[in-house]
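Please examine the sequence and the three-dimensional structure shown below.

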Amino acid sequence: MSSPHAWQPEAYIHYPMIEHVNVSADGTQILFTVRMAHMTEDASQFRHQLFIVPADGSAPPAQLTFGESATQSRFSPDGEIIAFVRSKALWAMRTDGGEAWLVAGESNGIKLGIITFAWSPDGKRIAFAAPPWNEERQARLKAKDDAVNWREDYDFGHVHVVDLPAPGHAPAL
């Protein structure tokens, strides 16, 4: 006999899960990512959204992103800006909300996505790793001719460093 309070797969899918947590350098704010189910007639996926909350619990969490997934969020050293990965690109936004702006993405050669990133100590630059674009390899992947010879065909991520562009300004590598 099963308990009426037992977890069912349907309930688990809709249960939000905190996956990443980042504390501001001064310890006053906590940034975290929540994985939520997004199921419509056209889509069935988990999406990640960013939330921020005062560390002292004086206010409820505020959701910063909506729609497409946003992951790997990190505070700038001064705690004023958040950088995060969305749609294979690196984005930034103010911690008090507002519109996010592009830091690095396809427009400046990053086509396969950001692997990881880190702020510079002064918060003016961001270093990130991204795999290099290879037109021939992408054509092979698309044609499902995607056998990889280890240590021969694998491209490791390349490190890039960008200046943090001001909101509304185009990023440059």
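The model is a predicted one, in which local features need pLDDT of at least 70, side-chain atom pairs count only at pLDDT 80 or more, and totals for chains, interfaces and linings use all residues. Residues are numbered from 1 along each chain as its sequence is written, and side-chain values use heavy atoms, with hydrogens and water left out.

**Salt bridges**

A salt bridge is a side-chain nitrogen of Lys or Arg within 4 Å of a carboxyl oxygen of Asp or Glu. Across the whole structure, four salt bridges are found. Among them are the pairs in this table.

| Pair | N to O distance |
|---|---|
| glutamate 19 and arginine 35 | 3.9 Å |
| arginine 94 and glutamate 80 | 3.4 Å |
| arginine 125 and aspartate 163 | 3.0 Å |

The location of each partner is given by strands, which are DSSP runs (E, at least two residues) numbered from the N terminus.

Glutamate 19 and arginine 35 form a salt bridge between their side chains. This pair links distant parts of the chain, 16 residues apart, with glutamate 19 in strand S1 (residues 17–23) and arginine 35 in strand S2 (residues 29–39). Glutamate 19 is partly exposed at 33% relative accessible area, whereas arginine 35, at 13%, is buried.

Arginine 94 is joined to glutamate 80 by a salt bridge. Arginine 94 belongs to strand S7 (residues 89–94) and glutamate 80 to the loop between strand S5 (71–75) and strand S6 (81–86), so the pair ties together parts that are 14 residues apart in sequence. Arginine 94 is partly exposed, at 35% relative accessibility, and glutamate 80 is partly exposed, at 36%.

Arginine 125 and aspartate 163 make a further salt bridge. Since arginine 125 lies in strand S10 (residues 125–130) and aspartate 163 in strand S11 (residues 158–163), the pair ties together parts that are 38 residues apart in sequence. Salt bridges that share partners also join Glu80, Arg94 and Asp96 into one network.

**Histidine 48**

Which residues does histidine 48 contact, leaving aside its neighbours within four places in sequence? With contact meaning heavy atoms within 4.5 Å, these residues are Glu19, Thr33, Val34, Arg35, Glu68, Ser69, Ala70 and Thr71. Histidine 48 is found in strand S3 (residues 44–54) and is buried, with a relative accessible area of 15%.

Methods: Helices (H or I, at least four residues) and strands (E, at least two) are DSSP runs, numbered from the N terminus. Buried means under 20% relative accessible area, exposed over 50%, partly exposed in between (1.4 Å probe, protein chains only).
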